[in-house]
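Subject: Structure handover

Hello,

Please find the structure below, followed by notes on what was found in it.

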Amino acid sequence: MSQQGLEAARLKMRDAGVNASAIEVFSHYYGLLESGETGLIREDTITPLLDVPMLDEVEVSDEQAKEAIGATVIIKLNGGLGTSMGLDKAKNLLEVRDGLNFLDLIVRQVRAARRDYGARLPLVFMNSFRTEADTLEHLARYDDLVVDGLPLSFLQNQEPKLRADDLTPVEWPADPTLEWCPPGHGDLYTALYGSGLLQKLLDAGFRYACISNGDNLGAAPNARLAGWFAASGAPYAAELCRRTINDRKGGHLAIRTHDGQLILRDTAQTAPEEMDFFTDEHRHPYFHTNNLWFDLQRLMDTLVERNAVLGLPMIRNEKTVDPADPTSTPVIQVESAMGAAIEVFPGATAICVGRDRFQPVKTTNELLLLRSDVYTLDDDGHLIAQTVTPEVSLDKHYKTIQDFEARIPHVPSLKDATALRVSGDWTFGPDVRIVGEVTLNDEGGAQVVPEGTVLGE
């Protein structure tokens, strides 16, 4: 049945117009899945990564920085709809503050780097079929973005969800779009190659790429980082941050014992009985920010050599075909992580950067922080922390953006807070101030924090 399943999946992808490179990559992972591959990385096969250079300690001349940023392209992952926050369009269209969304701030950051370094610095978004139209419509207001005729967008691929019982493509007539899923952000390399964009960038004289999630506004263009990467001669590099007790879920790099190669291990690649090792911030002291750099020519050479199949470690993701319906057909989504490409390139390296380069927004907790006075926004689109970031924990009443904005129409002051934990249906009035550690408990009904209240004093 598995061979029939693979052929059915390949036919479905061809009929949908998925490019040949993506079909071959999917077929590679299908073979691993059929063979019983779990994708798990055991603790006894790795050694913790402890010795990492610090960005604030490396020496990069102004000339090196300017030359390297001049040969760099900025790529932002922009395929997410933000469904977990109740959105039905590109999450990066969500307002961050002052009437500006993620895309607006990214554009400001890129424009500032172009101005400061006289760099061409193309900006390109990897979109999904669901986010491309909205994104390009918004970006159309900026008439200076396009560089050397390069596109502002390329599409990530799609693949069929597979029935968990027989690995055939699932059918879901109630909503056929749910029969498809993205292959994880490891598809970045396949999509760059299959779309022809990788070759176009090389033809236009670009050598390096800096990639990050579009919702991470900390990952602004950085000429010093570009200079360090160019001088390193490495084919690939990952940005890491020091782990704290609050970073236990993030993936981390480690050294594969049998060959000394750097690898990435994510939560889904960790056996349940070994999660204590994974979450130990002392044993694995750095986490992967999902900001990475690679040499475009080395990537092209490797893809050509491998027929577009980099062979990134497989992530087996078990879900239901309708994520909102736990009784719907169980499926397997075959995914890979773009950061896992570090193990494909001998000589790949990593660098520890400041926490200011890691400001992702995955929930309304982080959104509240970015909208608060913990940060100021400068004219170049950079969010600058004014204090140590406090802990923010909002319960289910604030999960969607609609519920969040209804209950917090006025963002409280958090610059003097160490923690804000909210349980229950609380609505915040204007000019509320949080001082120190504050917990609002569920009072069993709608509650209001009145205008001008100072909590925690």
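Threonine 329 sits in the loop between strand S15 (315–320) and strand S16 (330–335). Helices (H or I, at least four residues) and strands (E, at least two) are DSSP runs, numbered from the N terminus. Leaving out residues up to four places away in sequence, threonine 329 touches Arg163, Val170, Trp172, Lys319, Thr320 and Val321, where contact means heavy atoms within 4.5 Å.

Before the rest, some notes on the source. This is a predicted model, in which local features need pLDDT of at least 70 and side-chain atom pairs count only at pLDDT 80 or more, while totals for chains, interfaces and linings use all residues. Residues are numbered from 1 along each chain as its sequence is written, and side-chain values use heavy atoms, with hydrogens and water left out.

The antiparallel sheet

Three strands make up an open sheet with antiparallel pairing, in the order S1-S12-S13; two strands pair if DSSP finds at least two bridges between them. S1 and S13 are the edge strands, each pairing on one side only. On average, neighbouring strands of this sheet are turned by 50 degrees against each other, direction ignored. Axes here are lines fitted to C-alpha atoms, for helices over the stretch in contact, and angles run from 0 to 180 degrees between N-to-C directions.

Strand S12 (residues 252–256) has four of its five residues buried, so it is largely enclosed by the rest of the structure. Strand S1 (residues 46–48) is joined to S12 by three bridges, and isoleucine 46 stands opposite arginine 256 in S12. On the S13 side, four bridges join S12 to strand S13 (residues 262–265). Histidine 252 faces arginine 265 in S13, and leucine 253 has leucine 264 as its bridge partner. S12 and S13 form a hairpin with five residues between them, and glycine 260 in the turn has a positive phi of about 75 degrees.

The parallel sheet

Four strands form a further open sheet, with parallel pairing, in the order S20-S21-S23-S25. Its edge strands are strand S20 (391–394) and strand S25 (454–455), each pairing on one side only. S20 is joined by four bridges to strand S21 (residues 413–422), and glutamate 391 has alanine 419 in S21 as its bridge partner. Helix H11 (residues 364–371) lies across S20 and S21 and runs at about 130 degrees to S20.

A helix pair

Helix H4 (residues 102–117) packs against helix H5 (residues 132–139) at an angle of about 55 degrees, with the axes 10 Å apart. The contact is made by Leu103, Asp104 and Val107 of H4 and by Thr135, His138 and Leu139 of H5. These contact residues divide into three nonpolar, two polar and one charged (Ala, Val, Leu, Ile, Met, Phe, Trp, Tyr, Cys and Pro count as nonpolar, Asp, Glu, Lys and Arg as charged, and the others, Gly among them, as polar).

Regards

Definitions and conventions
Buried < 20%, exposed > 50% of the residue type's maximum accessible area, 1.4 Å probe, protein only.
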